[in-house]
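Dear colleague,

Please find the structure below.

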Amino acid sequence: MYTINDSMLTLILRFAGHRQAIAFSDQEFIQKQLSAIQEHLEKYPPEEQESRAIEWIAKYADQYRKTWEKESITKEVNSHRCVDCPLSDPGVFGHCQIHEQWLALLQQYATNEINSKKYIESSLEMLTRNKEHLRIKRGMPVARGG
């Protein structure tokens with residue numbers, strides 16, 4: 001079974017309520033990676049393909065796995081809905097406002113537009129803004145200084 005190597009993605013899955021195992025298989029990953037290698041090798045004559053395959057693996061395999069992992073997990077969490085979200089209307093399919101914002105941040109992390117530190121900072125800022133918005137909406141005093 002496929003193991004997630006990115007500690008940030010593992011935490012995201014835990015905090016997003018995905019206690020069940022994500023259904024990734026080694027076979028699926030290997031087939032996709034083999035297809036990528038074969039596509040790369042088509043550019044070269046047969047006598048160079050073995051050395052070019054080894055070169056590709058040494059140069060790109062680790063990054064390929066990380067990219068595939070991020071894409072797969074983003075796709076997985078995007079397909080789930082917060083079942084107990086107090087901001088979603090009962091019976092309405094889709095994501096609440098916070099979940100949509102969080103998915104946008106996750107997409108930025110998955111495409112390496114932001115690093116894990118920026119992802120965490122932005123997520124906490126988003127949650128703090130929303131908490132203050134809810135407090136104002138309910139007529140409660142706004143917390144000062146964090």
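Helices (H or I, at least four residues) and strands (E, at least two) are DSSP runs, numbered from the N terminus. On that basis, the protein chain has five helices and zero strands, and its pattern along the sequence reads α-α-α-α-α.

Two remarks on the source are needed at the outset. This is a predicted model, in which local features need pLDDT of at least 70 and side-chain atom pairs count only at pLDDT 80 or more, while totals for chains, interfaces and linings use all residues. Residues are numbered from 1 along each chain as its sequence is written, and side-chain values use heavy atoms, with hydrogens and water left out.

**The chain as a whole**

Residues are called buried under 20% relative accessible area, exposed over 50%, and partly exposed in between (1.4 Å probe, protein chains only). Of the 146 residues in the protein chain, 30% are buried. The accessible areas come from the Shrake-Rupley method with a 1.4 Å probe, and for residues only the protein chains shown count as cover. The protein chain exposes about 10300 Å², of which carbon and sulfur atoms supply 54%. A contact means heavy atoms within 4.5 Å. Among the contacts in the protein chain with a separation of 6 or more, 55% are between residues 24 or more positions apart.

**Nonpolar cores**

A nonpolar core is a set of buried Ala, Val, Leu, Ile, Met, Phe, Trp, Tyr and Cys residues joined through side-chain atoms within 4.5 Å. The largest such core has 13 residues, and those that touch the most other members are Val77, Trp102, Leu103, Leu106, Tyr109, Ile114 and Tyr119. Helices H3, H4 (97–110) and H5 each supply at least two residues of this core. The most comes from H4, which gives six residues. Another core, of five residues, lies apart from it and includes Ile37, Leu41, Ala53 and Trp56.

**Aromatic pairs**

Trp56 also belongs to an aromatic cluster, together with Tyr60 and Tyr64. Rings of Phe, Tyr and Trp (its six-membered ring) pair if their centres lie within 6.5 Å; planes under 30 degrees apart count as stacked, over 60 as edge-to-face and the rest as tilted. A search of the whole structure finds three aromatic pairs. In one of them, the ring centres of Trp56 and Tyr60 are 5.9 Å apart and the planes are at 45°, so this pair is tilted. Trp56 and Tyr60 are four residues apart in helix H3, which separates them by about one helical turn. Trp56 is buried, with a relative accessible area of 8%, whereas Tyr60 is partly exposed, at 38%.

**Salt bridges**

A salt bridge is a side-chain nitrogen of Lys or Arg within 4 Å of a carboxyl oxygen of Asp or Glu. How many salt bridges does a search of the whole structure find? The search finds three.

Two of these involve Arg52. Glu48 forms a salt bridge with Arg52, with the closest N and O atoms 3.2 Å apart. Both residues lie in helix H3 (residues 46–78), four residues apart, about one turn of the helix. Arg52 also forms a salt bridge with Glu55, where the closest N and O atoms are 3.7 Å apart. Arg52 and Glu55 are three residues apart in helix H3, again about one turn of the helix.

Glu121 is partly exposed, with a relative accessible area of 34%, while Lys117 counts as exposed at 56%. Salt bridges that share partners join Glu48, Arg52 and Glu55 into one network.

**A surface patch**

Patches are made of residues with over 30% relative accessible area and no salt bridge: like charges are joined within 9 Å, and nonpolar side chains (Val, Leu, Ile, Met, Phe, Trp, Tyr) within 5 Å. Ile120, Leu124 and Leu127 make a nonpolar surface patch of about 270 Å². Of these, Ile120 lies in helix H5 and counts as partly exposed, at 39% relative accessibility.

With kind regards
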